[in-house]
Amino acid sequence: MLFEATLFIPLALTKRRRSEVFNQLYITGIKSLGVITVVAAFTGMILALQTGLELRRFGLQQNIGTAVTVVMMREMGPFMTALIVAASVGSAIAAQVGTMVVSEEVSALEIMSINPVRFIVLPRLIALAVMMPILTIYTNILGVAGGALVGATQLQVSFQAYIDNAQLYAQNKDLYVGLLKAFVFGIVIATTACHQGFVTTEGAVGVGQATRRTVIISFLTILVLGYMLTRVFYR
Amino acid sequence: MIRFENVTKRLGRRNVLDGFDLEIKAGETFVICGPSGMGKSVTLKHMVRLLTPDSGHVWVGDDCVSEARGKELERIRARFGVLFQSGALLEWLTAGENVGLPLREHTDKGDEEIDTLAREKLRMVELEDAFDKHPSDLSGGMRKRVALARAIITEPEIVLYDEPTSGLDPVTSRTIDELIDNLRKQLGITSVVVTHDLHSALAIGNRIAMLNYGKAVEVSAPEEFMKSTNSVVRGFLEAQYITRRGAWEKGLKV
Ligand SMILES: Nc1ncnc2c1ncn2[C@@H]1O[C@H](COP(=O)(O)OP(=O)(O)OP(=O)(O)O)[C@@H](O)[C@H]1O
Ligand SMILES: [Mg+2]
């Protein structure tokens, strides 16, 4: 399905179909933004607090800027974003596609010789692949800001010192690798959700199963792939 | 036009079609009725290869649809318009966009031209007002009529209707009956109509088939159909208070 979908990418960018891609981009962003905001800020705050408290025992708390920024960009940013998007957007896609199968909409597309992969999968795939890195940048910014807040209020690390420290040690590579992960996770979520949706049988019960499987399979794949990508880039 | 030759199809635990034979002629309105769950929808789905027979063949004209693939299957399917039992409209498109979809995907027509054609078809099913509404804002009967408009927008040779009037009020039902009848008279379209409503079956059908346990137990023109001695047919007629010829024409309950 993934391979078939990539063949259609040029088609998806023609005028008539572009609106559907934008539509999906919008849905993806809006659906997850609220949760992401809260989760990202608190992830940063927790990171800062935990590492900060440990570092303070050695008098090294001025380094939390680096600790939070690097961990957010490399790992927690893409990871947290992917989990939230899988749970909110992925499950919604599976439910929608599953419902389309059960209510004969996919059959109707087949009769009209409209390729369901091109028509349904592709806009969602593109939207998630594009939106995941964008959302991850947002998560990173909020996480780093949350860390700075905790640093300033609880660890006596001034905002300026936090930023200076982060800029000193965090590398561009950390950001890029994180964004690459986000991109891969986006593809994983879209493919899993659409696939589970398409193999739905047995009415409403089946749609429920498709949704649940999507979340579980996405979570596991994101975890394992996340580890493997880390292994490839950092050894 | 459409021919089933000794088709057997097993679904779940039983043969839904079991050595099934049927011939539908070009230009006729052919009605399929039968008890619920007896394979009426399954029969329609075989005609457009949404289901493939376990054995036997399904022919559309000279094309064997049950063995076609790829481009050939696309070409055969393009001869059909299909109204699904559940309507099968795409939820994220408006009624107008749904109706125009086949043209938008397969022709070079401009957006305005497509909208005009879609509006015209929606007018035929008395739903012009619904043009900008989403399916979720329409009633079941309205969705079905939008789906009907979509099925005929490409002006196909053959239209399959799965229960076009179920869920509609009697007045709208007769409008749909007239629409189907007019498509045959004016454009010579071949129609296959699945329905439980024998009043409309007798009014629009050139021939009527009764399906029961995987076979067509009766295939005949309305006059003979009413005189049939088959017990399933009699049961259907009596359950709808059609006990003698002429009753349905005058709309009397006898
Ligand atoms: N995809 C499928 N998988 C398994 N069984 C199926 C499938 N589709 C249909 N069936 C079974 O085939 C039988 C005939 O189904 P069909 O939908 O053709 O009935 P129908 O005559 O159209 O009934 P209704 O009037 O209720 O629409 C039913 O018993 C149904 O359970
Ligand atoms: Mg049916």
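This report walks through a predicted model, starting with the ligand sites in chain B and moving on to the helices of chain A.

A few ground rules come with it. Residues are numbered from 1 along each chain as its sequence is written, chains are lettered from A and ligands numbered from 1 in the order in which they are written, and side-chain values use heavy atoms, with hydrogens and water left out. As the model is predicted, local features need pLDDT of at least 70 and side-chain atom pairs count only at pLDDT 80 or more, while totals for chains, interfaces and linings use all residues.

Let's start with ligand 1. It has 14 residues around it, the closest being Ser36(B), Gly37(B), Lys40(B), Ser41(B) and Val42(B) (a residue is near a molecule if one of its heavy atoms lies within 4 Å of it). Sorted by class, this shell holds seven polar, four nonpolar and three charged residues. Here Ala, Val, Leu, Ile, Met, Phe, Trp, Tyr, Cys and Pro count as nonpolar, Asp, Glu, Lys and Arg as charged, and the others, Gly among them, as polar.

Which elements supply at least two residues each of the shell around ligand 1? They are strand E2 (14-24) and H1 of chain B, and H1(B) gives the most, with three residues. Helices (H or I, at least four residues) and strands (E, at least two) are DSSP runs, numbered from the N terminus.

| Residue | Atom facing an oxygen of ligand 1 | Distance |
|---|---|---|
| Ser36(B) | side-chain N or O | 2.5 Å |
| Gly37(B) | polar backbone atom | 2.8 Å |
| Lys40(B) | side-chain N or O | 2.8 Å |

On its own, ligand 1 has 630 Å² of accessible area, and the protein covers 62% of that. Accessible areas come from the Shrake-Rupley method with a 1.4 Å probe, and for residues only the protein chains shown count as cover.

What are the protein donors of the magnesium ion (ligand 2)? Ser41(B), through OG, and Gln85(B), through OE1, lie 1.9 to 2.2 Å from the ion. Ser41(B) sits in helix H1 (residues 40-47) and Gln85(B) in the loop between strand E6 (80-83) and helix H3 (95-106) of chain B, so the pair ties together parts that are 44 residues apart in sequence. Donors are N, O and S atoms within 2.8 Å of the metal (3.2 Å for Na, K and Ca), and water is not among the atoms, so sites may look incomplete. Gln85(B) is partly exposed, at 34% relative accessible area; buried means under 20%, exposed over 50%, and partly exposed in between (1.4 Å probe, protein chains only).

Back to H1(B): seven of its eight residues are buried, so the helix is largely enclosed by the rest of the structure. Among the buried ones are Lys40(B), Ser41(B) and Val42(B).

## Positive phi angles

Just after H1(B), Arg49(B) takes a positive phi of about 60 degrees. Asn6(B), in strand E1 (residues 2-11), also has a positive phi, about 50 degrees, although it is not a glycine; this residue is partly exposed at 48%. Over in chain A, Ser113(A) has a phi near 55 degrees. Ser113(A) belongs to the loop between helix H5 (105-111) and helix H6 (116-154) and is buried at 18% relative accessible area.

## Chain A

Chain A has nine helices and zero strands, and its C-alpha trace spans about 70 × 35 × 30 Å along its principal axes. Of its 235 residues, 49% are buried. Its accessible surface is about 10900 Å², with 70% belonging to carbon and sulfur atoms. Among contacts (heavy atoms within 4.5 Å) between residues at least 6 apart in sequence, 86% join residues at least 24 apart.

Is Ile222(A) buried or exposed? Its relative accessibility is 0%, so Ile222(A) counts as buried. Leaving out residues up to four places away in sequence, Ile222(A) touches Phe79(A), Ala82(A), Leu83(A), Ala86(A), Phe185(A) and Ile189(A).

Phe219(A), by contrast, is partly exposed at 30%. With the sequence neighbours up to four places away left out, Phe219(A) touches Leu83(A), Ala86(A) and Ala87(A).

Technical notes. A polar contact is a pair of N or O atoms within 3.5 Å; within protein, one must be able to donate a hydrogen and the other to accept it, and residues adjacent in sequence count only if both atoms are side-chain atoms.
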